[in-house]
Amino acid sequence: MKRTRSPSRVQDPPDFAQTLCPVARAELVVGDRWTVLVLRELFAGNHRFEEIQAQAGATPQMIAARLKQLEADGLVERRPYNERPLRHAYYLTEKGDAFFPVILALRQWGETWLKSPKEGLSVTYTHGPCGKPAGLGTVCESCGKPLRRKDLIVAMNPAYKKERDARVEAFKASR
């Protein structure tokens, strides 16, 4: 029986025997909009369900399904932060953290091809080890070293920060 991913429930791990193509295999794990947006939020430091939902803009069911699937696929782990009621925060595993260059590549492509230069960069990174602008892409434009999330200092464009803050306020107002 062939298994397919369902947005409403967690499936068994993907059947990688269907192809040797690493792109197709990766797509089986992270190949939908909501999964990538959940990962974006985890990289941004949002660990609680409501924070992730507010920024991703998906239904609670969609976010829950993606988090469960990411956990089943070994990219995310749940950690309790409250006992009564029991609440969990979500953190990237080593496997999940290894997805960061993909996020950077998507960011570079989106900034280059999908935005007007007048809009400016949504986020500007400074590479901590060299103290200079990291630029776009997966390696520092100043020193040439691979970019790691923990080495980046983030400066958010004021318009983008306003957009993100407005999403949080709209989310709170809708509850």
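An open sheet of 3 strands is found in this predicted model, with strand order β4-β3-β5 and antiparallel pairing. Strands (E, at least two residues) and helices (H or I, at least four) are DSSP runs, numbered from the N terminus. Two strands pair if DSSP finds at least two bridges between them. Strands β4 (132-133) and β5 (152-156) stand at the edges. Each has a single partner strand, so one side of each lacks a neighbour in the sheet.

Strand β3 (residues 123-127) pairs with β5 over 5 bridges, in the antiparallel sense. V123 has M156 as its bridge partner in β5, and H127 has L152. On the β4 side, 2 bridges join the antiparallel strands β3 and β4. There, T126 is bridged to P133. The β3-β4 hairpin has 4 residues between its strands, and G131 takes a positive phi near 75°.

Side chains alternate along β3. V123, Y125 and H127 point to one face and are buried (under 20% relative accessible area; exposed is over 50%, partly exposed in between; 1.4 Å probe, protein chains only). Helix α6 (residues 100-113) lies across β3 and β5, at about 130° to β3 (angles run from 0 to 180 degrees between N-to-C directions, with axes fitted to C-alpha atoms, for helices over the stretch in contact; contact means heavy atoms within 4.5 Å).

The count of disulfides (cysteine sulfur pairs within 2.5 Å) is 0. C140 is in no disulfide; the nearest cysteine sulfur, that of C130, lies 3.7 Å away. C140 is buried, at 2% relative accessibility. C21 is partly exposed, at 32% relative accessible area.

Residues are numbered from 1 along each chain as its sequence is written, and side-chain values use heavy atoms, leaving out hydrogens and water. In this predicted model, local features need pLDDT of at least 70 and side-chain atom pairs count only at pLDDT 80 or more, while totals for chains, interfaces and linings use all residues.
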